[in-house]
Amino acid sequence: MHRTVTARSFLIRSSSFGLGQLLGRHHKALGYRTAAAMLEDAERGETAQIDQMLRFIEVDRAGAMLRALQAGELLQFAIYYNGAGQAQRYATKIARAAGV
């Protein structure tokens, strides 16, 4: 039983879910006791998932992601949120969606 619980916990921490595709490993930063609790909250629906995404933007990188977004630095925001690999593509999509 312990091995199954540990494997499930690992899988949830290693998985991304919700509209923001947040990794379960961010659960503590977002105020959840466990990654499973974060997943359960996300399963409540879109409102919970949007709330998680907004909290992630606020707290990740000590607020640097939020500051980049507020300053209109969409490329930097995309790098912070999703890494450098597809940053330009995501920054362009964000700009289009925002009408910038």
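Rings of Phe, Tyr and Trp (its six-membered ring) pair if their centres lie within 6.5 Å, with planes under 30 degrees apart counted as stacked, over 60 as edge-to-face and the rest as tilted. On that basis, a search of the whole structure finds 2 aromatic pairs. This is a predicted model, in which local features need pLDDT of at least 70 and side-chain atom pairs count only at pLDDT 80 or more, while totals for chains, interfaces and linings use all residues. Residues are numbered from 1 along each chain as its sequence is written, and side-chain values use heavy atoms, leaving out hydrogens and water.

**Aromatic residues**

- Phe56 and Tyr81 form an edge-to-face pair, 5.5 Å centre to centre with 85 degrees between the planes.
- Because Phe56 lies in helix 3 and Tyr81 in helix 5 (residues 74-82), this pair ties together parts that are 25 residues apart in sequence; helices here are DSSP runs (H or I, at least four residues), numbered from the N terminus.
- The rings of Phe77 and Tyr81 have centres 5.9 Å apart and planes at 35 degrees, so the pair is tilted.
- Phe56, Phe77 and Tyr81 form one aromatic cluster.
- Phe56 is buried at 5% relative accessibility, and Phe77 is buried with a relative accessible area of 7%, where buried means under 20% relative accessible area (1.4 Å probe, protein chains only).

**Charge over a ring**

- Arg89 lies over the face of Tyr90, at 5.5 Å from the ring centre, the criterion being NZ of Lys or CZ of Arg within 6 Å of the ring centre and within 35 degrees of the ring normal.

Methods
Helix = DSSP H or I, 4+ residues; strand = E, 2+ residues; numbered from the N terminus. Buried < 20%, exposed > 50% of the residue type's maximum accessible area, 1.4 Å probe, protein only.
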